[in-house]
Amino acid sequence: MTGDTLGRNEPLPVNQELTALLENVQPVYPAMLSLVAKSFYEIISQVLQKHVRNGLEHAQCFTGRDAVDTIYAIIRASDRNLAIVVGRALEQQNLFHDVDYEKRLRDDPYELYAFDEDVVNALLRAHRGEDTDDDCSRLHSDTRSGSGINGVFVMLTDCYSPTCSNTQPCYSVTCPRQRLQQDHLRRTAKNNVAAEMKQEKLWSMSVPKEIVKSVSRKELDRQERIFELFYGEKDYVRDLCILRDLYMKPLHNGDIVGIDRRKNFITKVFKNALAVLAENMELHRTLERRQKESFICYQVGDVLMPFVENLEAYLEYCANQPYSMHFLEAEKRINSRLVDFLEKTDRRPECRKLGVQHFLTRPPTRLARYPLLLRAVLKYTPEGHPDRDVIPQVIDRVEDMLNRINVETGKAQNRLRLFKVDEKLVCSVSDRNDLRLTDDQRKLIRDSQLRKRGGENTTIQVLLLDHMLLMCKVKSDSHTGEEKYTLYKRPIPLQMLTITTSPTTLTGAATSASAPPAPNAGASSGRPTVVAVDNETQKDKYAYPLQITYLGRNGFTVTLYANKQADRKQWYQSIEQQQQELMERHCKFELVPVAKQFPSGIRINTADVYDHGRCVVIGTDHGLYLGVAGKPNSYQRLTHLKHDRVYQIEIHEKLNVMAMIADKDRNLYVYPLDHLMTATTSSRHGLRVKPLHTHVSFFRFGQFQEQDILCSVRSTTLSNQTIIHVYKPVMSQPKSRTLGRFLSLGGESGLADSWKCIKECYIAAESTSLHFLRSRLCVGCTRGFEIVDLATMNTQSLLDPADTSLGFINKRDTTHPIALFRVHDGQFLLCYDVFAFYVNRNGQRARSNWMIHWVGTPTSFKFEYPYILAFDSQFIEIYHVETGSVVQVIITGNCASLSPNKMHVNLCVTSQSPTHPQEVLRIQHLSAKDPI
């Protein structure tokens with residue numbers, strides 16, 4: 001058993017995905033290698049996977065068997081050996097290579113191969129017709145640098161004779177259809193494949209026959225495995241010496257690379273190869289000494305243990321492999337002297353025509369071979385032998401290092417891919433700063449091409465990052481031929497993205513944000529949702545759509561198309577998984593249902609809680625509902641409170657009252673909380689009280705000079721003015737402990753008389769919000785935030801007009817002030833529908849470099865230090881008030897805050913669409929203990 005066949009007893013499953021693709025493969029003229037290459041890449045690129053061989057991970061690879069299967073189907077061959085020869089012709093022009101740069105194409109499911117990115121790009125550009133004249137001439141004249149695929153496979157060409165056919169070939173002895181020519185081609189292909197199989201080196205051939213006869217069969221097998229380890233180490237050290245003597249030294253001492261770049265180039269390409277060579281030189285000497293001690297090697301584990309205890313040099317070298325190959329190829333593209341040097345060196349007998357890439361990849365492949373070789377030794381080692389204890393420890397040490405190498409190599413490959421994207425990307429500075437492609441923590445999750453409808457260039461390169469989705473047009477530079485990415489659409493943060501696999505599943509207009517998830521699914525979990533709809537029955541080229549939506553005021557919707565159902569499925573699964581990981585990493589709040597679902601015909605407008613958050617009162621277009629939080633079946637309609645429509649509710653537990661705006665005329669009523677409980681004890685006759693005021697826009701409870709007050713606001717759009725009435729409670733019965741108790745004893749008449757209007761204020765602007773300061777009111781209106789002094793009833797702007805840093809407010813007439821929150825240190829957070837910023841108690845700008853720009857168009861806000869929650873109709877944005885950075889986005893569907901004026905009551909209503917049921921949810925901080 002040779003090293004190449006170790007561990008290959010298990011049969012591998014057939015690649016079903018590739019088999020399905022090959023059933024519909026389009027035939028091409030097999031003699032034209034460029035056509036075969038294009039078809040081969042288009043098929044294999046759809047089945048690229050990450051493979052693990054000998055403990056090392058290889059990304060974006062395909063197997064030798066898959067390659068031969070594909071070429072066999074493309075050229076309609078009758079012999080797999082012929083497909084191998086054609087494949088090697090493509091391999092010779094660098095379309096793909098063995099992952100170890102060691103073997104040529106083999107019909108083997110265990111051999112792994114990868115495409116050369118530069119050659120593939122040149123091939124695709126040539127077939128798209130994007131190459132300039134210079135590019136085309138270079139493509140056909142200089143294939144040695146891997147710039148393209150060309151050539152004619154003569155034995156597969158058609159005969160020039162018009163009368164020649166497959167059934168009746170012509171008389172010419174060179175006719176490709178002649179049986180003799182076909183048989184010769186098959187024999188040549190078979191001999192070429194067989195000639196590559198190396199003669200196996202055996203221990204039994206290197207020692208006297210008497211020694212071989214003196215050992216048992218099991219010991220013979222054990223010595224063969226140990227001998228394979230010995231001569232494999234010798235070959236490995238020889239290759240590292242070739243790398244040092246034939247490549248590194250001439251590059252260092254010659255003028256092949258410019259003197260200013262030489263040292264940096266050698267360091268990037270060869271890294272610490274000399275340190276790896278030194279470690280294995282010592283191991284090789286030790287193994288040789290052990291081998292010379294006796295014809296029969298008794299023990300090998302003790303020799304390997306010191307070596308595997310210090311493998312850090314391998315970690316540094318192997319983690320640099322992606323960069324090594326990248327910088328080598330980059331230098332070859334601009335340095336013809338390097339190309340000539342490598343070609344001449346590769347032809348030297350010592351290099352065996354393997355190329356520098358083979359020698360560069362020897363350390364990781366050799367390290368991955370040790371566990372395989374040692375397990376074979378261990379298999380034939382008898383019980384009680386010292387190696388039975390030592391070899392497993394050696395294997396564990398090597399495999400631990402291989403795991404670390406896989407992790408670091410994966411990070412390096414990811415950084416390299418992002419580095420290439422950053423080089424190709426043409427975009428604005430702000431977009432590049434948002435993408436942060438060169439950050440160490442950035443990841444490229446998925447990268448492939450999708451299509452859009454219409455136009456000549458319909459291909460869109462889509463890149464899924466760990467935080468954004470990037471869509472680019474692919475263009476070639478007219479001078480250099482290099483591939484460039486230009487933004488097709490603005491980058492989409494994953495937290496603001498929704499995706500569906502069918503445009504017909506979206507509701508509303510085409511310009512709407514998206515079809516949001518159902519409230520009891522995506523909304524309650526607080527993560528964006530991917531909706532999957534199977535369109536398997538569609539067969540045209542636009543059969544597999546992906547409708548991608550960027551939520552927010554400047555959002556958009558775009559539909560792209562995948563080539564097949566599997567590709568589309570992988571895309572939405574990748575996006576869903578990354579959104580889930582992003583949500584779990586940054587999740588601070590979650591949505592928890594607190595009430596039953598209400599049908600779409602009963603619109604929910606407002607809600608509040610009392611009894612420490614245990615009881616919930618909900619105001620709808622059909623009156624009031626009362627229930628217990630978290631118990632959906634406990635909610636009942638308060639039929640004794642006869643109101644057709646309830647717009648706003650606010651409960652003041654200290655006064656034991658509930659105020660609300662209800663009915664067609666938007667009347668302001670105040671009820672004792674005792675009247676709410678009658679809904680669950682009896683069916684009293686309808687209760688109706690006299691309103692405090694009519695045509696009220698909104699109201700708020702607050703305090704003025706340590707006294708509880710109630711402010712009702714009446715705004716008119718036509719007259720563009722606001723009237724604010726300030727009420728205080730009148731406690732006429734000193735025996736009553738609370739106002740609510742007094743009102744309940746006093747009967748229905750006189751309830752409105754228990755509130756006395758003490759102030760009236762007029763503002764020449766339409767008002768939308770009201771906030772209480774220590775001794776003043778702050779009113780949000782069309783003129784901005786206005787301060788009202790309740791003692792003098794004078795008004796003035798909150799913002800200092802002399803502060804020039806606030807000029808951006810005056811330049812934006814369309815902004816609307818919504819909320820104000822006191823944060824700390826005398827600073828106030830002003831929230832508009834476009835942005836938020838800080839001012840001090842004098843109305844001057846604070847934290848001049850701090851500002852939040854809302855992605856959506858929020859209509860209300862909640863402040864829960866250190867977070868500010870902004871409610872858009874489709875989602876909730878959550879930002880950190882100290883850093884100004886977005887923390888979380890909860891996509892909710894049709895959403896509205898039900899208690900915008902209550903600091904510690906976070907209730908909202910969501911529904912998938914206006915025709916779907918509504919659900920009342922609590923926005924709960926993950927560390928909160930209070931039920932509301």
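Buried denotes a relative accessible area under 20%, exposed over 50%, and partly exposed the range in between, computed with a 1.4 Å probe on protein chains only. The views below show a predicted model, in which local features need pLDDT of at least 70 and side-chain atom pairs count only at pLDDT 80 or more, while totals for chains, interfaces and linings use all residues. Residues are numbered from 1 along each chain as its sequence is written, and side-chain values use heavy atoms, with hydrogens and water left out.

**View 1. Overview of the protein chain.** The protein chain has 24 helices and 42 strands; helices (H or I, at least four residues) and strands (E, at least two) are DSSP runs numbered from the N terminus. Of its 932 residues, 53% are buried. Among contacts (heavy atoms within 4.5 Å) with a separation of 6 or more, 59% join residues 24 or more positions apart.

**View 2. Lys271 in the loop between H10 and H11.** Lys271 lies in the loop that links these two helices. Its phi is positive, about 45°, although Lys271 is not a glycine. With a relative accessibility of 36%, Lys271 counts as partly exposed.

**View 3. Helix H10 and its surroundings.** Helix H10 comprises 12 residues, 259-270, and spans 17 Å from its first C-alpha to its last, close to the 16 Å expected at 1.5 Å a residue; the expected span is 1.5 Å times one less than the number of residues. Arg262, Phe265, Ile266, Val269 and Phe270 of H10 are buried. Viewed down the axis of H10, these buried residues fall within an arc of 100°, so they line one face of the helix; the arc is that of the directions from the helix axis to the C-beta atoms. The face turned away from the buried side carries the exposed residues Asp260 and Lys263. The cover over the buried residues of H10 includes helix H9 (217-253), helix H11 (273-293) and helix H14 (321-334).

**View 4. The open sheet E23-E24-E25-E26.** Four strands form this open sheet with antiparallel pairing, two strands being paired if DSSP finds at least two bridges between them. Strand E23 (698-704) and strand E26 (755-763) are the edge strands, each pairing on one side only. The twist averages 25° from one strand to the next; axes are lines fitted to C-alpha atoms, for helices over the stretch in contact, and angles run from 0 to 180 degrees between N-to-C directions. Within the sheet, strand E24 (residues 707-716) and strand E25 (residues 721-729) are joined by 7 bridges in the antiparallel sense. Ser715 has Thr722 of E25 as its bridge partner.

**View 5. His725 within strand E25.** His725 lies in strand E25 and is buried, at 7% relative accessibility. Its side chain makes a polar contact with the side chain of Glu760 (3.3 Å). A polar contact is a pair of N or O atoms within 3.5 Å; within protein, one must be able to donate a hydrogen and the other to accept it, and residues adjacent in sequence count only if both atoms are side-chain atoms. Leaving aside neighbours within four places in sequence, the residues in contact with His725 include His693, Leu710, Cys757 and Lys759.

View 6. Strand E31 (residues 817-822) is mostly covered, with 5 of its 6 residues buried. E31 pairs with strand E32 (residues 827-832) in the antiparallel sense over 5 bridges, and Leu820 has Leu830 in E32 as its bridge partner. The two strands form a hairpin with 4 residues between them, and Asp825 in the turn has a positive phi of about 55°.

**View 7. The open sheet E15-E42-E41-E40.** This open sheet consists of 4 strands with antiparallel pairing. Strand E15 (589-593) and strand E40 (894-897) stand at the edges with a single partner strand each, so one side of each is left without a neighbour in the sheet. Neighbouring strands are turned by 35° against each other on average, direction ignored. E40 and strand E41 (residues 907-911) are paired over 4 bridges, and Ser897 has Cys908 in E41 as its bridge partner.

**View 8. The cis peptide bond at Pro866.** The peptide bond from Tyr865 to Pro866 is cis, with omega near 5°. Pro866 is placed in the loop between strand E36 (860-864) and strand E37 (867-871).
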